[in-house]
Amino acid sequence: LVISAEQTALSPQEAEKLMISIFKSTGVQTIDHRITDVVMRKTAGRPLFVAEVSRLLRNSIDCEEPLAAVEGDRLVPVAFDVSTRKARIPTLPDTMTGFVRARIDRLPLELQLVLKTCSGVDLLIAPEALVYVLQPECEMS
């Protein structure tokens, strides 16, 4: 799947390919259309948003209350809206900002504190300085 920098929205088929690539390590080969529908409604096909939703779904699989489940090689929903019979993923943030905040909240507390402190400082911080502070948690690439 190749996404150009100018591309503002994915088709449902492209979104599914992106989702499958993110789920590759779980053995998922196909995505239930009900999940793709929810993701497309939530993200309007915006590539970064689709990727973040997919990561959230993938990371939830082994949790006590997963947002989706793997059955064989297929990703399927675990919750449905009774009235519409559509898949429901209740804890998805509504905005990209919400996803960024959720991602920060999943970091270890020490890393959250460093990130929040650096984001509140009105100075430019050299990446090397952050690497020094965060070692061994990260490496410069």
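What does Arg-74 count as in terms of relative accessibility? At 32%, Arg-74 counts as partly exposed, because that label covers the range between buried (under 20% relative accessible area) and exposed (over 50%), judged with a 1.4 Å probe and protein chains only.

Before the close-ups, please keep in mind that this is a predicted model, in which local features need pLDDT of at least 70, side-chain atom pairs count only at pLDDT 80 or more, and totals for chains, interfaces and linings use all residues. Residues are numbered from 1 along each chain as its sequence is written, and side-chain values use heavy atoms, with hydrogens and water left out.

**View 1**
Along the sequence, the pattern reads α-β-α-α-β-β-α-α-α. Of the 141 residues, 31% count as buried. Looking at contacts (heavy atoms within 4.5 Å) between residues at least 6 apart in sequence, 56% join residues at least 24 apart. The accessible surface comes to about 9,300 Å², with 55% of that area belonging to carbon and sulfur atoms; it is calculated by the Shrake-Rupley method with a 1.4 Å probe, and for residues only the protein chains shown count as cover.

**View 1. The open sheet of three strands.**
Here the strands line up in the order S1-S3-S2, with mixed pairing. S1 and S2 form the edges, each pairing on one side only. Strands of a sheet pair through backbone hydrogen bonds, either parallel or antiparallel. In this model, S1 and S3 pair in the parallel sense over two bridges; two strands are said to pair if DSSP finds at least two bridges between them. To find this pairing on screen, look for Thr-30, which stands opposite Arg-74 in S3.

**View 2. Helix H2 across the strands.**
Helix H2 lies across S1, S2 and S3, and runs at about 65 degrees to S3. Such angles run from 0 to 180 degrees between N-to-C directions, using axes fitted as lines to C-alpha atoms, for helices over the stretch in contact. The buried residues of H2 are Ile-35, Thr-36, Val-38, Val-39, Met-40 and Thr-43. What do these buried residues pack against? Their partners are helix H1 (12–22), strand S1 (30–31), helix H3 (47–60), strand S2 (68–71) and strand S3 (74–77).

**View 3. Thr-43 and the end of H2.**
Thr-43 belongs to helix H2, which spans residues 33–43. With a relative accessible area of 0%, Thr-43 is buried. Leaving aside neighbours within four places in sequence, Thr-43 is in contact with Phe-49, Val-50 and Val-53. After H2 comes Ala-44, whose phi is positive, near 55 degrees.

Side chains of opposite charge can pair when their charged atoms come close. A salt bridge here is a side-chain nitrogen of Lys or Arg within 4 Å of a carboxyl oxygen of Asp or Glu, and by this rule the count comes to three. Arg-34 forms one with Asp-32, their closest N and O atoms being 2.7 Å apart. Arg-74 forms another with Asp-32, where the closest N and O atoms are 3.9 Å apart. This second pair links distant parts of the chain, as Arg-74 sits in strand S3 and Asp-32 in the loop between S1 and H2, 42 residues apart. Together, Asp-32, Arg-34 and Arg-74 are linked in a network of salt bridges. Asp-32 is buried at 5% relative accessible area, while Arg-34 counts as partly exposed at 25%.

Which side chain does the side chain of Glu-52 reach with a polar contact? The partner is Arg-55, at 3.1 Å; a polar contact is a pair of N or O atoms within 3.5 Å, where within protein one must be able to donate a hydrogen and the other to accept it, and residues adjacent in sequence count only if both atoms are side-chain atoms. The pair also forms a salt bridge. Both residues lie in helix H3, three residues apart, about one turn of the helix. Glu-52 is buried, with a relative accessible area of 4%, whereas Arg-55 counts as partly exposed at 25%. Not counting residues up to four places away in sequence, Glu-52 touches Met-96, Phe-99 and Arg-103.

Key
Helices (H or I, at least four residues) and strands (E, at least two) are DSSP runs, numbered from the N terminus.
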